[in-house]
Amino acid sequence: MKRIVTSAIFFLLLGCCDLQAQHPGMKTIPAGTYKPLMKTVADEITVGSFLLDEKPVTNAQFKAFTDARAEWSPTRVKALFADNQYLQHWDSSGAWTDEIDLMPVVYVSWFAAKAYCSWLGKRLPTLDEWEYAAAGKPEPGQNISSTETLILNWYSRMSGENHLSGSIYRNEYGLWDMHGLVWEWVYDFNRVVSNDDSRNSEEIPSGLFCGSASLNSAGASDYASFIRYAFRGSITGNYTMRRLGFRCAQSVQQ
Amino acid sequence: MKTQHIKKTMMILIVSVSSVLLWQSCTQQEQSRTYSDLTSEVTGEVIAELTDAPFVPARITAKHNTKVIVHLEVIEQPMRLADGVEYTFWTFGGKVPGKFIRVRQGDQVEFHLHNHPDNMLPHNIDLHAVTGPGGGAEASLVAPGKSAQFSFRALNQGLYVYHCATAPVGMHIANGMYGLILVEPLEGLPAVDHEFYVMQSEFYTSGGFGQKGHQEFDMQKALDERPDYVVMNGAVGASAGENAMKVKVGESVRLYLGNGGPNLVSSFHVIGEIFDKVYVEGGTLINRDVQTTLIPAGGSAIAEFTCEVPGTLHLVDHSIFRAFNKGALAQIKVVGDENHQVFTGKEKEEVYLPEGSAIQRISSGKQAAASSEPIPEKSLNERLEAGAILYKQNCMACHMDHGGGIPGTFPTLVNSDFLKARADKGIGIILEGLQGEITVNGSNYNNIMPAVALNDDQVASILTYVFNRFENGGGHIKAAEVAEWRNKK
């Protein structure tokens with residue numbers, strides 16, 4: 001990981017305890033900057049302080065939502081908002097165990113994830129917020145050499161979603177499993193494949209393919225991050241997938 | 001001085017630019033001949049037959065251009081890279097290399113790329129046979145559990161590599177995402193008796209060559225271009241030994257050769273044959289009577305020859321350490337009658353001792369021991385299991401899989417009176433090597449076996465395997481015995 005994260009720790013110390021008392025299960029992420037993977041975006045991006053769920057949303061939590069909002073239940077959801085695999089693991093997993101309760105919810109679409117968050121008065125984190133929070137170093141004493149190794153091993157192990165939410169590792173912001181459990185939706189997941197400048201609209205997708213990837217990126221050897229960006233580029237809002245979940249964010253009241 | 005130099009440079013520039021222009025106009029004319037005629041009618045449709053290496057699908061025999069529908073599934077799964085070594089491969093169709101695709105010049109190809117729902121990652125496909133942006137890469141980017149479809153017209157004849165081009169491209173290729181697509185002339189390539197598919201590639205693993213267990217991808221080694229494995233058809237021995245390609249004497253063979261890389265260029269050679277014909281770089285230029293042909297990373301070649309005499313042909317990367325130490329070897333077994341007009345076999349053998357020559361050792365026994373960590377003693381079963389793999393890696397090339405050696409050249413290890421008579425149980429032979437005349441089970445041998453750089457644990461496992469599997473009275477040799485012998489010297 002070559003991202004340089006400068007964090008305003010004082011802010012955290014002053015603000016944390018008060019805010020967290022009001023928001024159980026969320027952590028305050030202090031304002032700071034991070035270096036995005038794509039140099040074409042900017043050299044450095046400033047992220048304001050925000051709240052983020054400590055762990056990815058679990059099956060039990062999402063079940064409470066679909067019980068309360070029947071239009072999001074697997075039988076009633078509109079095809080426009082979720083493809084036909086939506087929550088299919090609830091159906092096929094046989095007996096519903098306590099373990100399944102605590103596993104991250106997957107097979108959820110972007111629309112469903114967004115609706116879940118707003119049901120709780122929250123929202124999805126932006127790509128910048130998510131990347132910035134995920135760049136937090138692992139807390140010491142968890143037997144992890146580097147986040148990059150953890151991610152690369154996760155890619156080859158291919159079994160993260162069968163672990164409990166909050167079981168892989170905790171980072172310096174107190175967040176669990178930003179890597180190594182499931183992919184996570186972000187609000188503007190498709191931002192990397194669209195662009196403000198319409199003249200470049202055809203060029204930008206190729207920014208992540210082949211040779212141009214090495215020219216446009218901040219760290220050409222940051223394979224772990226490339227894959228995350230490529231993943232985001234391959235999905236659309238109604239897609240659901242076996243290894244794709246989410247967590248919610250909330251803005252800090254000024 | 002300076003201005004003269006500039007003038008000279010300008011002259012060279014002008015000459016070379018004009019010659020490039022000249023050459024371009026020629027090649028353009030030539031190219032227009034090999035391009036498919038886009039006005040030719042495409043009628044009917046077929047589902048493409050896809051095959052795993054070393055096999056090649058039958059050619060499409062329709063007299064007219066047709067629509068060819070290709071369904072290719074991306075599967076990420078752990079598989080064997082070498083005996084006892086497992087790796088999570090990313091594959092086009094479940095094996096490495098990916099499925100062989102065969103179409104004709106002018107055919108319309110409707111391509112479906114399916115990404116298995118259990119996969120972790122998005123994938124796509126860049127077919128070098130495609131004329132269009134990214135070779136289809138952008139049109140085929142697909143998330144796990146989804147399918148993508150695009151179509152292209154096969155304009156140019158040739159043998160082309162396809163590969164995944166999703167970021168990070170290097171890692172997708174390093175994990176096994178490549179294969180070959182053949183675009184042959186409408187009437188097909190000339191008939192031969194056998195066609196085979198062989199593709200070379202490298203793997204960069206967290207542990208060194210032969211280290212057992214599940215291996216992760218090592219990014220630093222990939223950046224440094226220092227692979228632990230260079231293999232033919234996706235794994236050590238994938239198309240050798242029991243899995244060797246088989247032909248008969250007198251039959252003609254065409255090899256469709258590819259190199260997936262990701263980094264190395266292959267010096268492809270068949271030990272014991274000369275290529276009668278090579279389609280250079282898989283294109284339409286034909287070279288004849290070739291010993292070794294270069295296959296660029298992301299490139300191909302087609303080689304043809306006829307097998308005149310029986311025996312085993314070794315297909316190697318003649319950057320030779322890759323073949324004998326990293327796995328870049330495949331085999332064709334040719335069966336049939338000898339033809340002494342072509343090859344006589346050994347007619348005579350005499351001792352040849354030039355003045356002052358000395359035999360170089362691979363390594364002294366003591367050095368090998370010094371660097372090794374203490375390893376706990378294994379049980380008999382663990383020794384036999386480890387020994388079986390180590391024997392294949394270190395001994396099988398000469399003493400053969402069955403332990404019987406090669407009569408007159410490499411001594412047998414089966415029920416060996418020579419071995420059983422030795423007080424050191426053979427430890428000294430492995431640590432020190434052996435040369436000179438010996439008699440084994442009544443036959444004389446005069447050859448050299450070099451010392452083998454193995455640690456105590458490995459030597460113990462190999463010998464336990466040899467004593468138990470090859471009827472030498474069984475027994476369990478311990479690493480401590482090897483260490484004792486080594487320290488005594």
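Modeller: Before we start, axes here are lines fitted to C-alpha atoms, with angles running from 0 to 180 degrees between N-to-C directions. And keep in mind that this is a predicted model.

Colleague: Okay, at roughly what angle do the axes of helix 11 and helix 12 of chain B cross?

Modeller: Helix 11 of chain B covers residues 456–469, and helix 12 of chain B covers residues 479–488. Their axes come within 8 Å. The crossing is right-handed, and the angle is roughly 115°.

Colleague: Which residues in helix 12 of chain B does helix 11 of chain B meet?

Modeller: By class, that contact has 5 nonpolar, no polar and 4 charged residues. Helix 11 of chain B brings Asp456(B), Asp457(B), Val459(B) and Ala460(B). Across from them in helix 12 of chain B sit Ala479(B), Glu481(B), Val482(B), Ala483(B) and Arg486(B).

Colleague: Zooming out, how far apart do the C-alpha centres of domain 1 and domain 2 of chain B lie?

Modeller: The domain assignment puts domain 1 of chain B at 42–186 and domain 2 of chain B at 195–335. In contact are 31 residues of domain 1 of chain B and 37 residues of domain 2 of chain B. The C-alpha centres lie 20 Å apart.

Colleague: And which element gives the most to the side of domain 1 of chain B that touches domain 2 of chain B?

Modeller: That side of domain 1 of chain B divides into 21 nonpolar, 7 polar and 3 charged residues. Elements giving two or more residues include strand 2 (65–82), helix 3 (169–174) and strand 8 (158–163) of chain B. With 5 residues, the one giving the most is strand 8 of chain B.

Terms used. Residues numbered from 1 in each chain as written. Chains lettered and ligands numbered in written order. Predicted model: local features only at pLDDT ≥ 70, side-chain atom pairs only at ≥ 80, totals over all residues. Helix = DSSP H or I, 4+ residues; strand = E, 2+ residues; numbered from the N terminus. Left-handed = near helix turned anticlockwise from the far one by under 90°. Contact = placed C-beta atoms within 7 Å. Nonpolar A, V, L, I, M, F, W, Y, C, P; charged D, E, K, R; others polar. Domains from an automatic or database assignment.
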